[in-house]
Amino acid sequence: MSDQHADGGLIVPPLLAVCAAELLERVDALADDLFRKITTEIAPYARLSVEIMADVRDFNERNLREQLTCMAHHRPVRTDITRQSVRRRATQGVPLDAVLHAFLIGYRLLADALIDRAKQQPGTTMDDIAQASMALWSLLDAASRTVNDVYRDTLVSLARADELQRLLLLDALLTGKTADWAALGGTAASLGLPEQGPYVCVVADHGDVTAMEQAMLRGGLRSAWRPRPDGLAGIVALPDPFPDPFPAPGCAHASALATVLHVVGTAVTGRAGLSPAYTRLRESADALRLATLARASLPAGTHRAVTLDHDPAAALVAAGPDLALRMALTVLDPVLAAPDRKDLMETLTAWLDSDTGSTTEIAEILYCHRNTVRNRLDRVSRLTGRSLHRPADVAALYAGVRALELRPR
C-alpha cells in the first residue's frame with residue numbers, strides 16, 4: 001500500500017521505489033510512447049497546433065520524470081508539473097474530459113511499466129504486486145482530483161480575467177478614452193456586440209447586471225453592462241439595419257428601440273434613460289451623456305424607461321438643473337407662497353400633463369368640479385402674471401413645474 005504523507009502526497013511502497021529508479025533511465029522513451037498514444041487516441045489533442053503539441057510532449061516528459069523521481073527517492077509524489085500542465089491545457093481550450101483522458105493514459109502506461117519491472121524483481125510475491133497496483137491506482141485517483149480542481153480553478157480565473165478586461169473596455173468606451181480602448185485591443189466582439197451598429201446606450205438607476213443581460217437575451221438583444229455608483233450603464237445592439245443616424249418616424253429601427261424600452265423598463269426597479277441610436281462604438285461616451293439626461297428627465301421614484309423624445313422640455317431642464325430650478329422658483333414663487341399652493345400646483349400640473357386641456361377631464365382626475373379647475377387656473381395666471389393662452393408663458397410654467405419635480409429630494 002502507499003503511505004499518505006502529512007502534506008497530502010502519497011509515498012509508494014519500497015518495491016515501486018526500486019522500479020521507478022530503473023525507469024528513470026528511459027523517461028525519454030516513455031514520454032515518446034505517451035505522446036503518441038495521447039495524440040492518437042484523443043481527438044482534441046490530435047487537432048492541436050504543432051507548437052502546442054511540442055509543449056504537450058515536453059510536459060509529458062517533465063511530469064513522468066517528476067513522478068518517478070519522487071517514487072525513487074521514497075518521497076511524497078509531487079503534483080507541480082501536473083498542475084502546470086492542466087492550467088496550460090485549460091487556457092488553450094482543451095476540454096476537461098480530454099485532459100482527464102490524457103492523464104489516465106499516462107498513469108496506465110506508467111503503471112504497466114512499473115508492474116512489469118516489479119514482476120522481474122527477485123522475491124516479488126503476488127501480494128507485493130497487488131499492493132503496488134493499489135498504490136498506483138491511489139496515485140491515479142489523487143491525480144484525477146487534482147486535474148478536476150486545477151481545471152475548474154483555472155476556468156474561474158480565466159472568467160474573472162475576461163470579465164475584468166470587459167469592464168476595462170466598457171469603461172474606456174463610456175468615458176471617451178478612445179486611446180485606452182485601442183491600447184486594450186478593444187473590439188465589439190470582445191464585448192459580445194456586433195461589429196456594426198446601431199447601438200443605444202442605457203443608464204438605469206438600479207438593476208442586477210446578470211438579470212439585465214438575461215432580460216436582453218430573452219428579448220433577442222445583445223448587450224454589455226457596467227455597474228456604476230449610480231446604477232447601471234450599458235450598450236445594447238439594435239437588431240435592425242440602421243444606415244441613417246436620423247431616421248424618419250416609423251422606420252425599421254423604431255420597433256427595435258421600442259423593444260429595448262420595454263425590456264429595460266420591466267427589468268429595472270427605478271428610472272432608466274436611453275440615448276438616440278448611434279453607429280460607432282467610439283460614440284458611446286456622447287450617447288452615455290444623452291442617456292443620462294433622458295433618465296434625469298424623469299422624477300425620482302419613477303419606474304420607467306424613456307428616451308429624450310419622451311419629454312424634450314424635461315430633458316432640457318435636466319441638462320441645466322440649477323438654472324432651471326432658479327427659473328422655476330422665480331416663475332412660480334407667488335403660487336408656492338399662496339396658502340392653497342398644494343391645490344394650485346396639483347391643478348396646474350394636471351393641466352400641463354393633459355392631452356386636451358379640458359377642464360372637465362382634469363376635474364375628473366382631481367375629483368372636483370370643472371369650475372374649481374377653472375378658478376384655480378385663473379388664480380395661477382393672476383399670481384404669476386402668465387397667460388395660459390400665450391405659448392411662451394405656458395412653456396415657462398411647464399419648465400418650472402418640471403424643474404420642481406426633478407429637483408433632488
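Predicted model: local features only at pLDDT ≥ 70, side-chain atom pairs only at ≥ 80, totals over all residues.
**Entry 1: a cis peptide bond**

I began with the backbone and looked at the bond from Gly197 to Pro198. That peptide bond is cis, and its omega is near 15 degrees. I then asked where Pro198 is found. Pro198 belongs to the loop between helix H8 (178-183) and strand S3 (199-204).

**Entry 2: positive phi at His74**

Next I checked phi values. His74 is not a glycine, yet its phi is positive, near 55 degrees. I placed His74 in the loop between helix H4 (50-72) and helix H5 (80-91). Is His74 buried, partly exposed or exposed? Its relative accessibility is 37%, so I noted His74 as partly exposed.

**Entry 3: positive phi at Tyr367**

Tyr367 went on my list for its phi of about 55 degrees, a positive value in a residue that is not a glycine. I found Tyr367 in the loop between helix H15 (359-366) and helix H16 (370-384). With a relative accessible area of 77%, Tyr367 counts as exposed, because the cut-off for that word is over 50%.

**Entry 4: a nonpolar patch**

Then I turned to the surface. Which residues form a nonpolar patch there? I wrote down Leu164, Leu168 and Leu184, which together have about 240 Å² of accessible area. I followed up on one of them, Leu168, which sits in helix H7 (residues 126-174). Leu168 has a relative accessible area of 39%, so I logged this leucine as partly exposed.

**Entry 5: H14 against H17**

My last two entries are on helix pairs. Two packed helices are described by the angle between their axes and the distance between the axes, so I noted both values for each pair. Helix H14 (residues 341-353) packs with helix H17 (residues 391-406) at an angle of about 115 degrees, and the axes are 11 Å apart. That angle makes H14 roughly perpendicular to H17. I also noted the hand of this crossing, which is left-handed.

**Entry 6: H2 against H6**

How do the axes of H2 and H6 cross? For helix H2 (residues 27-41) and helix H6 (residues 96-120), I have a crossing at roughly 140 degrees, with the axes coming within 10 Å. H2 and H6 are therefore oblique to each other; the cut-off for roughly antiparallel is over 145 degrees. The crossing of H2 past H6 is right-handed.

Terms used. Residues numbered from 1 in each chain as written. Heavy atoms only, no water. Helix = DSSP H or I, 4+ residues; strand = E, 2+ residues; numbered from the N terminus. Buried < 20%, exposed > 50% of the residue type's maximum accessible area, 1.4 Å probe, protein only. Patch = residues over 30% accessible without salt bridge, like charges linked within 9 Å, V, L, I, M, F, W, Y side chains within 5 Å. Areas by Shrake-Rupley, 256 points an atom, 1.4 Å probe, with all protein chains shown as cover. Salt bridge = Lys/Arg side-chain N within 4 Å of Asp/Glu carboxyl O. Axes fitted to C-alpha atoms, helices over the stretch in contact; angles between N-to-C directions. Parallel < 35°, antiparallel > 145°, perpendicular 65-115°, else oblique. Left-handed = near helix turned anticlockwise from the far one by under 90°.
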